[in-house]
Amino acid sequence: MVGSDSLNTSLSPSPPPVEQKRPPKQWGVTRPLSLAGPSDADIQRNRELEKFLVDSGLYESAEEAAKREEVLGRLKQIVKNWVKELTRLRGYTDQMVEDANAVIFTFGSYRLGVHGPGADIDTLCVGPNYVRREEDFFYVLHNILAEMEEVTELQPVPDAHVPVMKFKFDGISIDLLYASISLLVVPDDLDISNNSVLYKTDEPTARSLNGCRVADQILKLVPNVENFRTTLRCLKFWAKRRGVYSNVTGFLGGVNWALLVARLCQFYPKANPSMLVSRFFRVYTLWRWPNPVMLCEIEDDELGFSVWDPRKYPWDRNHLMPIITPAYPCMNSSYNVSASTLRVMMEQFEFGKKICEDIELNKLQWSALFEPYLFFESYKNYLQVDINAADLDDLRAWRGWVESRLRQLTLMIERDTSGKLQCHPYPHDYVDSSKQCAHCAFFMGLQRKQGEVIQEGQQFDIRQTVDEFRHQIHSYLYWKPGMDIYVSHVRRKQIPSYVFPEGYRRSRHTRLMSQHQVDKMSSEGGEACRPGSAERVLKRKKELDASDLKEGRRPQKSHSVSPQRQVSVSPELICSRSAGTLKDCCSTASYTMEEKTAVEGSCLFMDGMTQQEAPLTPGDACTRSNEVGLQLVDRDKELNIDFIKPNQGMHCSENTDAGCVSSTCNSHCASSGGNLGINVEGPSLDRSCVSNTQLLSNKGRENDASVLGDGLREKLEPNAALTMVLKSGDGVGSEPVQKNVMSRLSLTSTA
């Protein structure tokens, strides 16, 4: 019986196996925020976005693409011949000479596939261990290129953080790096992603190799390469139009934008480019800097290179906007960002977020997102940095040096004024064609820190700051006679005409009309959050008051200088906007509190913990409410910046307040004796846009201790944070946002 039962049991059909669903693939260090794909409306918006990008000329022609390939092919042959010749001259065998090789890799926008017409090609030459950078690359190869007719504008920069040789080859701009690896023969199929290429290399070589390694890793770590490319191409174009595309000036460069977009693609693996663009601004206005943006776990290796780690390296704790590269050695690619440039970028992210909300509501077209930033209409006071040189070749080198040091001027002004005077360096140079010598000028907007209360006539003295900056500039190792720099102050009405595209300043009315579509972005309460909008409101108010006085009418008493629409803003609308929620949007436009909480849960510190925000006391709320009030009421006040004429060393007329810079090369206006003093006539010049993210990032900087932890990283799941939200009914980490909203409400209710 037992045997029969066993036989029957063995012959009885077994139940079908339960099919286990595999969890979706995780891209990055956390789960995605959403797996939703595009709706019909998203697909239509994506078509419109792609058409806009094509119409804007962001894609190169087939002829230019073919020419780039041809130039790269010729460059590969040049470096191979160069290495073979060096091998022969150094007495190696004929077989070694025959096998000698160098390989060209591309990186940057060209490698990522997002380059546009006229863009340069970032290239890396990898050679054997006996071919050195200093004597062989920057001397022998430099001389070979200098003798070629196809090569123009050859500029070696051996002392750069990443040594580079810049030139144009048959009209195509090339940035060429060199890395010598520990091999006698470099194979054509060298795997540069393998960590072994870093064996026995120095720091400059590792940095040179890092660009190619990072580009390869980015393409491996994104869910959809084509969606990544379209989104990155779009956002790079936006950043250039809005004046926040420049790593050297303290904003973000190409690799920084690529890493931010790649992380966004990991958050939304099934989203199309139109969805990703709008979610880019939603995510990064909520991001709690200095929490790092990382595509993968920080990898440490036995090769001994230092990686970004604020627990181990104190200087890493000072980084304000860490964006970590995914290839070993992992490092912060955005170490140039300062408090002032971070503030500017967060304002622009807020601008982009509001525009995208209106695009999703079909109130605006994509062109509104790419309206150029009117830098020379955004501030009352500017620093003008003029640089001269004897000829264009000298100016090219001199300009690159000065531009690389402008970030230091921003940091020094912040340091010497305790952060109370903020600078906005604009990452463009302007040429005065009327000058007889080679010339260009940079400009920096000046404003007082938001909420700072300064007594009448109190002065910011930056004379020594400017002198220190000029001293650093003149320490240039390759200085030549004729290389000069002048720093002067100009008010907005004194901005030289050559900075304007038409060559002259447009009328105020025309400038306002050109911003018509940008103005439409503000729904109820939105105008006060747009940079410069409060200033225009006050300007119009003053003009109306003046006309009333001329006609003998008594102006009506105003209850508030703020735009009237601010008073009518409902608490529900402000709260939903601050949380990223638009109730009027359908599923394509809504940004739920759950998604917001998930974003905050993805902002991880090194120990895997989200940043703990100190609760806002009633006094804090009152103070911040007053700060916002000052920004609205006093937006039209000017900073009175004057040159203070010292007893000696000045070669400028008394009217230095006009910011005069002579059109001749021998002008010494604002030269070594030209010093600056800044008088404050009344309250702040600040813009009225106070983003919630800015307040969050400020709190984050105060809580540096929570960056330090025992574990390198803990995977904190956004859905777990969401569960905590649903249980508590409050929101994890969202309290500071809500209390900041209430501070705005208290201002509105008492206006």
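Q: What makes β6 and β10 paired strands?
A: Two strands pair if DSSP finds at least two bridges between them, and eight bridges join strand β6 (residues 381-389) to β10, which run antiparallel, so the two strands count as paired. Within this pairing, N388 stands opposite D484 in β10. Strands here are DSSP runs of E with at least two residues, helices are runs of H or I with at least four, and both are numbered from the N terminus.

Q: What is known about the origin of the model and its numbering?
A: This is a predicted model, in which local features need pLDDT of at least 70 and side-chain atom pairs count only at pLDDT 80 or more, while totals for chains, interfaces and linings use all residues. Residues are numbered from 1 along each chain as its sequence is written, and side-chain values use heavy atoms, with hydrogens and water left out.

Q: Why are β7 and β10 said to stand at the edges?
A: The open sheet has four strands in the order β7-β8-β6-β10, with antiparallel pairing. Because β7 (421-425) and β10 (484-491) each have a single partner strand, one side of each is left without a neighbour in the sheet.

Q: Why is L184 called partly exposed?
A: Buried means under 20% relative accessible area and exposed over 50%, with partly exposed in between (1.4 Å probe, protein chains only); L184 has 45% relative accessibility, and therefore counts as partly exposed. The place of L184 is in the loop between β5 (172-180) and α7 (203-221). By the cut-off for buried residues, 54% of the 751 residues of the protein chain count as buried.
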